[in-house]
Amino acid sequence: MFNLDQLDKKILSVLVKDARTPYAEMAKAFGVSPGTIHVRVEKMRQAGIIQGTKVRIDARKLGYDVCCFIGIILKSAKDYDKVIKQLEAFDEVVEAYYTTGNYSIFIKVMTHTIAELHSVLSTKIQLIDEIQSTETLISMQNPILRDIQP
C-alpha cells in the first residue's frame, strides 16, 4: 500500500478539482519545486492511485435528461458475469455495481427521454433471459456529485 503524505494529498486535491493545473502553479502554492510535483505525480501513477485523467461532461447539455438507477434481480447468482457482459453492450448503461441487499446488480442508465428509457428497458435490459426482475428509480436531481477526497 502506498502511504500518502500531506504533500501527496494536497497534489491529489488540486488534480481532482482540475487535472490540468500546471505543476509550476502547484509547486509555488506548496513551496516546493515543479520537479518535486512531477516526481510525486509519477510515483502516484505508478502506484495506481492516479489512473489517468478525464473530461467531465455535462450529460444534460448533451440532451441526456433522464438519469435512472435500475436494481436487477438475477435468476441465479451464477449468471452475473453473463449479464454484465450483455449490459456492457448497451451504451445507455453508464455504471454497474455488484451489490448486496435486494439486488444482485445495480446500474445507472442515461437516456434522452422517458420514451427512450422505456425502449431500453423493454427491448434490451428486460430481454436478458438471466434477469428475473428489475426495479427502476428515476433521479430527479443530483445535488451532490464529487470525487473522493484524498
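The largest pocket of this predicted model is lined by 44 residues, and those nearest its centre are Lys54, Val55, Arg56, Ile57 and Asp147. A pocket here is an open set of points on a 1 Å grid over the protein atoms alone, where a 1.4 Å probe fits and protein lies on both sides within 12 Å along at least five of seven lines; a lining residue has an atom within 4 Å of a point. The space inside comes to about 1700 Å³, counted as what is filled by probe spheres set on the points, with points joined across faces, edges and corners. Rolling a probe the size of a water molecule over the atoms shows where empty space is left. Which elements each supply at least two residues of the lining? They are α1, α3, β1, β2 and β3, and the largest share, four residues, comes from α1. Helices (H or I, at least four residues) and strands (E, at least two) are DSSP runs, numbered from the N terminus.

A word on the ground rules: residues are numbered from 1 along each chain as its sequence is written. Because the model is predicted, local features need pLDDT of at least 70 and side-chain atom pairs count only at pLDDT 80 or more, while totals for chains, interfaces and linings use all residues; side-chain values use heavy atoms, with hydrogens and water left out.

Now for the helices. In α4 (residues 80–88), the buried residues are Val83, Ile84 and Leu87. Looking down the axis of α4, these buried residues fall within an arc of 100°, so they line one face of the helix. The arc is taken from the directions that run from the helix axis to the C-beta atoms. "Buried" stands for under 20% relative accessible area, "exposed" for over 50%, and "partly exposed" for anything in between (1.4 Å probe, protein chains only). Asp81, Lys85 and Glu88 are exposed on the other side of α4. What do the buried residues of α4 pack against? Their partners are the strands β1 (66–74), β2, β3 and β4 (131–139), where contact means heavy atoms within 4.5 Å.

Helix α5 (residues 114–123) has Leu117, Val120 and Leu121 as its buried residues. They cover an arc of only 95° around the axis, which puts them on the same side of α5. Ala115 and His118 are exposed on the other side, and the buried residues pack against β1, β3 and β4.

The loop between α4 and β2 holds glutamate 92. Is glutamate 92 buried or exposed? At 13% relative accessibility, glutamate 92 counts as buried. Leaving aside residues up to four places away in sequence, glutamate 92 touches Lys108, Val109, Met110, Thr111, Glu116, Val120 and Lys124.

Next come the charged pairs. How many salt bridges turn up in the whole structure? The search finds nine, a salt bridge being a side-chain nitrogen of Lys or Arg within 4 Å of a carboxyl oxygen of Asp or Glu. One of them joins arginine 40 and aspartate 5, at 2.8 Å from N to O. Arginine 40 sits in helix α3 (residues 34–46) and aspartate 5 in the segment before α1 (6–17), so this pair ties together parts that are 35 residues apart in sequence. Arginine 40 is partly exposed at 21% relative accessibility, and aspartate 5 is partly exposed too, at 32%.

Another salt bridge links glutamate 95 and lysine 108, whose closest N and O atoms are 3.8 Å apart. Glutamate 95 belongs to strand β2 (residues 93–98) and lysine 108 to strand β3 (residues 105–111), so the pair ties together parts that are 13 residues apart in sequence. Glutamate 95 is partly exposed, at 29%. Lysine 78 and aspartate 79 also meet in a salt bridge, at 3.6 Å from N to O. Lysine 78 is exposed at 70%, whereas aspartate 79 is buried at 11%.

Finally, the cysteines. The whole structure has zero disulfides, meaning pairs of cysteine sulfur atoms within 2.5 Å. Cysteine 67 is buried at 11% relative accessibility, and cysteine 68 is buried at 0%.
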